[in-house]
Amino acid sequence: MTDTPHKMSARGVNVFYGNKQAVKDVSIDIDMDKVTAFIGPSGCGKSTFLRTLNRMNDTISSARVTGDITLDGEDIYSSAMDVVQLRARVGMVFQKPNPFPKSIYENVAYGPRIHGLAPSRAELDAIVERSLRRAGLWEEVKDRLQDSGTALSGGQQQRLCIARAIAVDPEVILMDEPASALDPIATAKIEELIHELRGRYAIAIVTHNMQQAARVSQRTAFFHLGTLVEYGDTDQIFTTPHEERTKDYITGRYG
Amino acid sequence: MNAFALLFLVAGLGLIGWLTARARANRFDRGGARRLHSLPGQHGMYVAMWTVLPALLFVAVWSAVSPGLVKEAVLQHPAAAQLPQFDFERDALLAEARRVANEDGAAAFDPVAQQLAAPTRDAQARYRWMGTAAAILLAFAGAAFALTRVRASFKARSRVERGTMLLLLVASLIAILTTLGIFLSLLWESLRFFQQVPITDFLFGTHWSPQVIDAGDPGKSLGAVPLFWGTFFIGAIIAMIVAIPFGLMSAIYLTQYAAPSVRKWMKPILEMLAGVPTVVYGYFAALTVAPAVRDLAVSLGYTYASSESALAAGLVMGVMIIPFVSSMADDSIAAVPTAMRDGSLAMGATTSETISRVLIPAALPGVVAGVLLAVSRAIGETMIVVMAASGAANITLNPFESATTVTKQIVDLLTGESEFDSPKTLAAFALGLTLFVITLLLNIVALRVVKKYREAYE
Amino acid sequence: MSKSLLPQLPTGPAEPTERAPTDWTTVAMQKRIRRRYARERRFRFFGLAAVTLSAAFLAFLLITMVANGWRGFTRTDVALPIDFPASGIVVERAQLATRGADLALAGAGLENMVKSAAATAFGPGGEEVLSEHAWLRVRDAIKADPSILDRKITIDLPASTEIDQALGGKGTAAAEAAAAKLQQAGVLSRRFNADFLHESDSTDPVAVGIWGALKGSLLTMAVTFLIAFPVGVLSAIYLEEYAPKNRWTDLIEVSINNLAAVPSIIFGLLGLAVFLGSWSLFGYQFGPLLPRSAALVGGLTLALMIMPVIVIASRNAIKAVPPSIRDAALGIGASPIQVVFHHVLPLAMPGILTGTIIGMARALGETAPLLLIGMRAFIVTPPGGFTDPATVLPVQIFLWSDEVSRGFIEKTSAAIIVLLVFLLAMNGLAIYLRNKFETRW
């Protein structure tokens, strides 16, 4: 542990679906100026764990979470935490691009509207432009902001979703395999974008692509069968893993 | 003040509350917080809700309660002493007084009612005034209470959303209340009927002639077996003889043989048969089909053929039911895995062999469920039998003779001018209860079969 | 797959060890194959016949209605010469401009004057040629132009039902003879009967109109829509989006599915017992609060009837909105209520509206429950509001179909045509909405 306080910390987190335990006793920190990657084979609990960080598991009635997760030292599962405000502070980008079937402008403006971030139209316009610029999409769509968001290409849609998440001014952005449904060129753009966003936001990314984890992240957590096997600096994990299982996975022995 | 004016006033107060709260929330000191829990509009909604809902709830309760209060007040009037003690007559006179009080230029036949008109009017005005004042007071009180709570840290959004959720829950409870209401109202009136007529007479008696009811033994002429038979004969036998082959063969042809373009056009056309109002079928049956059936019967040698034969009503009902059978059959045939069909065809079976030996047996549960639903629909059908079937209750197997049904008798019993409490009127509710229970059972069985069948192929 | 649902395959005798290869070319085999093909053709023919006959029945029904009904939109007029100065009718001119004009003209004996004019023109019994209400048309003509009182005019007046029917070939022998005579005299003409669209019920078939019933239907539908649509959609939202899965919600679900299959007449009994009957709460009766045969009561009853239809259609439409949209909105901090009202509901709306229109079409064609709650009164003035006595189009059709006078047959069919046109328009709108807004995710 370093001296600077972590943006988010999870301590002893367990997630149950009914009687089945999907995540077992996981402790991880997410820091402001770092990208943290969660890797591991399918069904290892990495996405489930990611979704506990902004309480998206609340939407599944059988899901139950124990353990402590804090954001700036506040327990996010305490009754004092408003889940809506939490999700505004901890944004999320999903595996498949899911723009609303509305115009590009409305997609980005929706979040600031419901959170009351833009008292005037001009400010809203400014937020939309800034978010689209940060997502690297502005140049491509500035002339057709009124076109439907669903008419964009897959890669553009995913960047639109990132712009939408940025627009509510979050502190943490969670990305659940954001490039897995995209072609290699679109994937490269998303990775480039993650690089640029680092420092402004704390980022956690789930990926099944180890090269991607190595390229974009500074910290890596390896999950297997619901447990956190190894967690450390990305360089260390990919060069000198402590655990045999990590090594096997990274070298492609299984996965 | 009439009800609409009151509603508008309350709505107006709500709007003012909304605007006030929103304006106040707009001036909140953000106190350095990055964002507040609730938006100004949400604070507005909170205040509007508190202004409008309690007042509306009160108006609803008051409009149910105040007629009773008016009645009590009128009964206190000296002239009310002359009213007859018997509830039914007394209520009739009070209703007359109410009519005189509320209509310009109306005059009462009964002098007591005429005397009570003025007190009725006064009492009505008094209670209406009280209700209005209380509703407006409540609106103000609600608004004031809510406005005091509006401050930067107040979680208006959560409150408004909890209110909305409650509204949704109440809306979904109406379905249960309707079912319960149907069941209880039928049961209640039926129980009153069975106090006067033994249930065994009703369920097992074979003589039905409600026009002449022996006051000493009403059960003697209220035996419903001929109605049950007539309903079954017309709805479940004659109609199904038409509907099952036509519906099933249509579904088979449209799913297995027809070109997509034919299917695209013919399916909606067949469904139009289900969209034609039943009163139109009834008129058609009475005007065109029934005379034709009678002529046919006469040419076959039945000299006394009825022009209200069971056959005419059953035939037309069968045609109406075709789309029900065909769409259920269509669905269940489509649910049979293609692999089964391909397997049969690959062995060299012809299409018809595949259909009759593989597809139909596999889809049978779905088809049977469809037929059950169609029967339930047919026996509940009213207008065709009201217009084309006879009122004479016969137990007959001859389709050219007349037969009557439960629904036809319900309409006949309730459209005459008779008192609400007579066994004749109440018998309609007992028939309704029987019909409700039977259609419910058919429906439950059918839905269960369909569900089992779907699970089998998923 | 459960075993019982599968067709049982025949299990033949055990395979003999040696078997000659099948010779498909033998006469017996060829015959057998031909027989199988014949059976195939027969089967296919039966299918085609079933479809064709069903469609033919629909066509026959529609053609019968149109053939019977088109005459209902027309009427026979008789050109009647009236010599006002000679008739001896005296009316104060000043009164004709006032609201008392109708009374003044009736008091002046206009009705008898018209009858005697007819007797003069067409011989003894000539007044039988005209409809009973013909003089009202003369009255309106005078009110429109009082100067005709000073001269002799020829005015087209509606013929009586007997003459009208005789022209259609359905009258008595005497009436047909009279009609033939009038035709020779060249005083008869047929024209579109606009009155049919803006008059109400009457005892005289030539004077009836459907506006009263149509207005009653519109008022009733308005009540039905205002109750059933919000309640239906809100409960669909609750059940699909928020309801926990437990015994209570199962009970609601079962209730709704079964309500959709309850015969419509049962809803009439419910309406009768609850809205009009002797039910009471805490000793206070509701019954007499609502007038019998009012659009309000009819609308409430039909609302309960079509609510399950709307709930089921809405649930299906809501279910079709992909979960990823909900995730997206939740992920940027929309509350569950905002997710539904900002995203799910607008996307489901075309489907909800389609289901609602189909439900409303069903309510518009419904007769039986309304008969029971007493919407079968003889209504000569269109209802002015939700609590006025009213009737609806299907009930009007039913009432006319019961009339003895032959003139009502074509009026009934004409009313049916109007009803079918409305239903066709509603269903057409539903299909249009479905095709226009159908989204594939």
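Among contacts in chain C between residues at least 6 apart in sequence, what percentage join residues at least 24 apart? The share is 74%, where two residues are in contact if their C-beta atoms, placed from the backbone, lie within 7 Å.

The model is predicted, so local features need pLDDT of at least 70 and side-chain atom pairs count only at pLDDT 80 or more, while totals for chains, interfaces and linings use all residues. Residues are numbered from 1 along each chain as its sequence is written, and chains are lettered from A and ligands numbered from 1 in the order in which they are written.

**View 1. Overall form of chain C.** Chain C contains 18 helices and five strands; helices (H or I, at least four residues) and strands (E, at least two) are DSSP runs, numbered from the N terminus. Its radius of gyration, taken over C-alpha atoms, is 32 Å, well over the 22 Å that the globule rule gives for 441 residues, so chain C is more spread out than a compact globule. That rule is 2.2 Å times the number of residues to the power 0.38. Along the principal axes, the C-alpha atoms of chain C fill a box of roughly 115 × 75 × 45 Å. Of the 441 residues, 44% count as buried, that is, with 20 or more other C-beta atoms within 10 Å of their own, C-beta atoms being placed from the backbone.

View 2. Residues 218-239 of chain C are 100% helix and 0% strand, with end C-alpha atoms 31 Å apart. Residues 294-313 of chain C are 95% helix and 0% strand, and their end C-alpha atoms lie 29 Å apart.

**View 3. The contact of chains A and C.** Chain A gives 20 residues to this contact and chain C gives 14 residues. On the side of chain A, the largest share, four residues, comes from H2(A). The elements giving two or more residues there are helix H2 (83-89), strand S6 (90-93), helix H3 (104-115) and helix H6 (154-167) of chain A.

**View 4. The largest nonpolar core.** A nonpolar core is a set of buried Ala, Val, Leu, Ile, Met, Phe, Trp, Tyr and Cys residues joined through C-beta atoms within 7 Å. The largest has 268 residues, and B:Ala388 is one of those with the most contacts inside it. Helix H7 (residues 225-257) of chain B supplies the largest share of this core, 17 residues.

Note on methods. Buried ≥ 20, exposed ≤ 12 C-beta atoms within 10 Å, placed from the backbone.
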